[in-house]
Amino acid sequence: MIHKFSSVHPEAQIGERVEIGPFTTIEADVEIGEGTWIGPNVTICNGARIGANCRIFPGAVISAVPQDLKFEGEETQVLIGDRTTIRECVTINRGTKAYGKTVLGEDCLIMAYVHVAHDCIIGNHVILVNSVALAGHVEIGDWAIISGLSAVHQFVKIGAHVMVGGGAMVRKDVPPFITAAGEPLTYAGINSVGLKRRGFTSDEIHTVQNMYRTLYQSGKNISQAVELVKEEIPVSDLRNTVLDFIENSSRGLIRK
């Protein structure tokens with residue numbers, strides 16, 4: 001299943017039923033899980049750990065050294081979960097000594113021309129639409145969707161189940177369960193459509209709505225609004241997810 005015009009280092013660990021197209025290069029310190037398809041003209045560099053049943057399309061470059069002047073040649077990795085699809089000309093850089101790895105979860109769709117910089121941590125079921133650019137150390141929660149031509153500033157966190165509109169410049173943290181759009185990027189309501197599709201109940205969606213009404217529409221600053229949420233919203237996993245995100249935000253939240 002390895003095309004004769006590909007260059008696969010004999011030390012690379014290639015799982016069963018892996019298919020590798022022509023003119024693809026795979027370096028020595030690479031592991032590829034069973035059933036993965038790798039198209040032509042793909043480059044997979046040292047440090048790549050690719051799961052099972054992934055699909056990697058032509059022109060992708062996986063685990064190249066970071067575009068970071070502080071990088072000193074340390075041994076780091078890119079970890080890609082099972083069933084993730086990486087489309088044409090995607091670039092994913094491996095980590096630096098800051099974190100040691102760049103991580104993409106399972107069942108992600110990374111569309112054409114996306115760039116994922118060093119030390120990014122991306123959850124499961126994430127969609128990065130065409131030409132999204134992530135700077136270093138970005139964190140994205142499960143089920144988030146970042147629409148096309150968006151750019152995300154280094155160290156920004158984007159919560160689970162978030163929808164970011166196209167062409168966004170994401171300079172601040174985006175809390176879970178919401179949609180964000182505009183310039184500057186602002187809160188545009190909760191992601192009710194996405195939450196319904198993923199099985200959230202009406203009561204759960206109502207809880208999310210109440211939290212964000214308090215956080216963004218009460219006229220309070222974030223610290224004051226958080227205290228109101230603690231007083232008014234019963235304890236639940238949803239409440240904890242939102243409050244934990246706010247507590248751990250380092251760049252501040254997008255505003256209404």
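Predicted model: local features only at pLDDT ≥ 70, side-chain atom pairs only at ≥ 80, totals over all residues.
Which residue takes a positive phi in the hairpin of β26 and β27?

**Figure 1. The hairpin of β26 and β27.** Four residues lie between the two strands of this hairpin, and G182 takes a positive phi near 90°. Strands β26 and β27 run antiparallel and are joined by three bridges. I178 stands opposite I190 in β27, and A180 stands opposite Y187 in β27. In general, the strands of a sheet pair through backbone hydrogen bonds, either parallel or antiparallel.

Figure 2. Ten strands form an open sheet with mixed pairing, in the order β3-β6-β9-β12-β15-β18-β21-β24-β26-β27. Its edge strands are β3 (19–20) and β27 (186–190), each of which pairs on one side only. Helix α2 packs on the sheet and touches β26 and β27, and the direction of α2 makes about 150° with that of β27.

**Figure 3. Parallel neighbours within the sheet.** Strand β18 (residues 127–128) and strand β21 (residues 145–146) run parallel and are joined by two bridges. Within this pair of strands, I127 stands opposite I145 in β21. Strands β24 and β26 also run parallel, with two bridges between them. Here M163 has T179 of β26 as its bridge partner.

**Figure 4. The aromatic pair of W37 and F57.** The structure holds six aromatic pairs. One of them is formed by W37 and F57, whose rings lie 5.1 Å apart, centre to centre, with 70° between the planes; the pair is edge-to-face. W37 lies in strand β6 (residues 37–38) and F57 in the loop between β9 (55–56) and β10 (61–64), so the pair ties together parts that are 20 residues apart in sequence. The two residues can also be described by their accessibility. W37 has a relative accessible area of 26% and is partly exposed, whereas F57 has a relative accessible area of 13% and is buried. A charged residue is also part of this view: R87 lies over the face of F57, at 3.9 Å from the ring centre.

**Figure 5. The aromatic pair of F177 and F200.** The ring centres of F177 and F200 are 6.0 Å apart and the planes stand at 70°, so this pair is edge-to-face. The pair links distant parts of the chain, 23 residues apart: F177 is in the loop between β25 (169–170) and β26 (178–181), and F200 is in the loop between α1 (192–197) and α2 (202–217). F177 is buried, with a relative accessible area of 3%. F200 is buried as well, with a relative accessible area of 18%.

**Figure 6. The largest nonpolar core and Y212.** The largest nonpolar core has 69 residues, of which I44, L128, L134, I140 and Y212 touch the most other members. At least two residues of this core are supplied by each of β8 (48–50), β11 (77–80), β26, β27, α2, α3 (222–232) and α4 (237–247). The largest share, six residues, comes from α2. Y212 also belongs to a cluster in which ring pairs link Y187, Y212 and Y216. When residues up to four places away in sequence are not counted, Y212 touches P175, P176, F177, I178, Y187, I190, Q217 and V242.

Figure 7. V162 is found in the loop between β23 (157–158) and β24 (163–164). Is this residue buried or exposed? Its relative accessibility is 0%, so V162 counts as buried. With neighbours within four places in sequence left aside, V162 is in contact with W143, A144, I145, V174, P175, P176, F177, I178 and N191. V162 and G100 are 62 residues apart in sequence, and their C-alpha atoms are 26 Å apart in space.

How values were computed. Residues numbered from 1 in each chain as written. Heavy atoms only, no water. Phe/Tyr/Trp six-rings, centres within 6.5 Å; stacked < 30°, edge-to-face > 60°. Buried < 20%, exposed > 50% of the residue type's maximum accessible area, 1.4 Å probe, protein only. Lys NZ or Arg CZ within 6 Å of the ring centre and 35° of its normal. Pairing = 2+ DSSP bridges. Contact = heavy atoms within 4.5 Å. Axes fitted to C-alpha atoms, helices over the stretch in contact; angles between N-to-C directions. Core = buried A, V, L, I, M, F, W, Y, C linked by side-chain atoms within 4.5 Å.
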